[in-house]
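Dear colleague,

I am passing this structure on to you, and I would be glad if you could look through it alongside the notes that follow.

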Amino acid sequence: MRDFDFLVIGSGPGGQKAAIAAAKLGRRVAVVDRPDMVGGVSIHTGTIPSKTLREAVLYLSGLTQRDLYGQSYRLKEDITVADLTARTQHVVGREVDVIRSQLSRNHVSLFAGTGRFVDDHTVALREVTGNEKLLTADHIVIATGTRPARPATVEFDELTVLDSDNVLNLEQVPRSMVIVGAGVIGMEYASMFAALGSKITVVEQRPGMLDFCDVEVIESLKYHLRDLAVTFRFGETVAAVERHARGTLTILESGKKIPADAVMYSAGRQGLTDDLGLDKAGLSADRRGRIKVDEHYRTEVPHIYAVGDVIGFPALAATSMEQGRTAAYHACGEPVNRMHDLQPIGIYTIPEISFIGKTEDQLTEERVPFEVGVSRYRELARGQIIGDSHGMLKLLVSPDDRKLLGVHCFGTGATELIHIGQSVMGCGGTVDYLVDAVFNYPTLAESYKVAALDATNKIRQIDQLRG
C-alpha cells in the first residue's frame with residue numbers, strides 16, 4: 001500500500017484545489033511545497049501581491065478621484081515603497097493562513113520542501129534541513145507553476161534590472177522605468193508605476209499590445225496611459241541594458257538610448273520543471289518548461305496529472321483552480337463536466353479590462369454578422385458618482401438569434417461586471433433578457449441595459465428598413 005492516494009507537488013491555485021477536491025472525495029492526500037511558498041507564486045509574487053499593490057496605488061495616489069477633486073489631488077504626497085508593501089504583506093499573510101487552514105481542515109498533509117521524481121509513483125521530498133524522504137502515491141499532480149523568463153543576454157541584479165517577481169522588492173519608487181514587453185504583466189505594472197508618477201517607457205517588438213483584446217478598448221487604454229506620460233516604443237527590440245552608478249541605459253536595436261532608474265523585463269514565463277526529474281517518471285517538458293496534457297489534464301503517464309501555469313495557456317489563477325478540481329475528480333473516478341469554453345479574461349491595468357467571447361475583429365474575420373451596443377460610464381449616474389467618465393461596456397449581439405457573441409468592458413469594476421455577461425452567455429440567454437431586466441439604480445451593472453437597448457434599437461432600424 002502506498003503512502004497516499006493523491007500527492008500534489010505545488011500549493012498554488014491549481015495544486016491547492018486538486019488536493020482539497022481529492023480530500024473531499026475521501027482520499028488520503030499530501031501536498032509538497034517550500035515553506036516560504038505555501039499558496040504558490042500566485043500568493044507570493046504574482047496575482048495577489050500585484051493586485052493588492054494596484055489597490056494601494058489607486059488609494060494612495062487618489063488617481064481615480066481626480067476628475068472630481070482636480071488633477072493635483074493625492075491622498076499622500078510622498079508615497080514610499082513601505083506604504084505600498086504594508087498592504088501587500090498584510091493580504092499575503094492572511095491568504096497564506098487561509099490556505100493552511102483549508103488544507104488542515106480537510107486533513108491534507110503539508111510537507112515543507114521540494115519534490116523530485118524517483119519513479120512514476122515515488123517523489124523524493126528534500127526538506128529545508130537537507131534531509132530526504134520518499135513519498136509514494138497512486139496519483140501525482142504536478143502544479144509547480146512558472147517563473148519569469150530571463151533572457152540570457154541580460155544581467156539581472158534584482159535592484160535596477162528586474163523581472164516581474166523582483167519588482168515587488170524595489171527599495172523606492174523609481175522616478176523613471178523602462179518596461180520590456182507589453183503583455184498583460186508588463187502593462188499592469190506600467191499602469192501602476194505611471195499612476196505613482198514614474199516616467200514609463202514601454203518597449204515591445206511587436207507592432208502593438210494585447211492584440212487579443214477589443215481594438216477600441218486597447219486604444220482607450222493607450223490614450224489613458226499616454227495621459228499619464230507613458231511612452232510606447234512598438235516594433236523595437238532591446239540590444240543591450242547598461243548598468244551605471246546613477247541608473248540604467250537601455251539601448252535599442254534602432255540606436256535609441258533610454259536612460260531610467262530601473263528596467264523591468266516582462267518576457268513571458270518559464271515552467272518550473274527543471275529540478276523535477278521528469279525523465280525518472282517517463283515525462284518531458286518543452287523548451288519553455290511546459291508539460292503536455294490531455295483534456296482530463298493527464299500527462300503521457302496516465303496516473304500523473306499536470307495543472308496550472310506549468311501546462312501553458314491560459315495560465316490564469318481562475319482556470320488553474322478549475323483544472324485542479326477537474327483533474328482530481330477524473331483521477332478519483334468522479335463524474336465531472338468539461339470546463340466551459342466561455343472563460344472571462346481580466347487584465348488589471350488602470351483602468352481594468354475584462355472580456356468574454358469574440359471580438360469585433362474575430363467576428364468580421366469569421367464572417368459572422370453582429371450588432372454593437374455600447375454604454376459609457378459617463379451616461380450612468382453611478383459613473384458620475386464614482387468619478388469614472390471614461391469607462392464603457394460593449395455588447396456584440398447576433399441580429400439573427402439575438403444571442404450575445406461577446407462582452408467587452410473597460411473601466412472601474414470591469415473584472416466584476418463581466419460576470420453578468422458571462423452568465424447570460426453561458427445560459428444561452430438573449431439581449432432581450434437584458435432589455436427587460438431591472439437593475440439596481442444607480443449601479444454600473446445598469447450599463448448592460450443601456451448597451452442592450454442600444455443594440456436592439458439598431459437591429460430594429462435594420463428590420464424596419466427591410467419592411
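N166 sits in the loop that runs between strand 8 (161-163) and strand 9 (176-180), where helices (H or I, at least four residues) and strands (E, at least two) are DSSP runs, numbered from the N terminus. Please keep in mind that this is a predicted model, in which local features need pLDDT of at least 70 and side-chain atom pairs count only at pLDDT 80 or more, while totals for chains, interfaces and linings use all residues. Residues are numbered from 1 along each chain as its sequence is written, and side-chain values use heavy atoms, with hydrogens and water left out.

With a relative accessible area of 7%, N166 is buried; buried means under 20% relative accessible area, exposed over 50%, and partly exposed in between, with a 1.4 Å probe and protein chains only. Leaving aside residues up to four places away in sequence, N166 touches R150 and E158, a contact being heavy atoms within 4.5 Å. The side chains of N166 and R150 are also joined by a polar contact of 3.1 Å (a pair of N or O atoms within 3.5 Å; within protein, one must be able to donate a hydrogen and the other to accept it, and residues adjacent in sequence count only if both atoms are side-chain atoms).

E158 itself lies in the loop between strand 7 (146-148) and strand 8, and E158 has a positive phi of about 65 degrees although it is not a glycine. At 40% relative accessibility, E158 counts as partly exposed. R402, in the loop between strand 21 (392-397) and strand 22 (404-410), likewise is a residue other than glycine with a positive phi, near 65 degrees, and R402 is partly exposed, with a relative accessible area of 24%.

Two cis peptide bonds may also interest you. One joins I350 and P351, with omega about 0 degrees, and P351 is placed in the loop between strand 18 (345-347) and strand 19 (353-357). Another joins Y441 and P442, again with omega about 0 degrees, and P442 is found in the loop between helix 12 (431-436) and helix 13 (447-466).

As for the chain as a whole, it has 13 helices and 22 strands. Of its 467 residues, 50% count as buried, and among contacts between residues at least 6 apart in sequence, 61% join residues at least 24 apart. Along its principal axes, the C-alpha trace spans about 75 × 60 × 40 Å.
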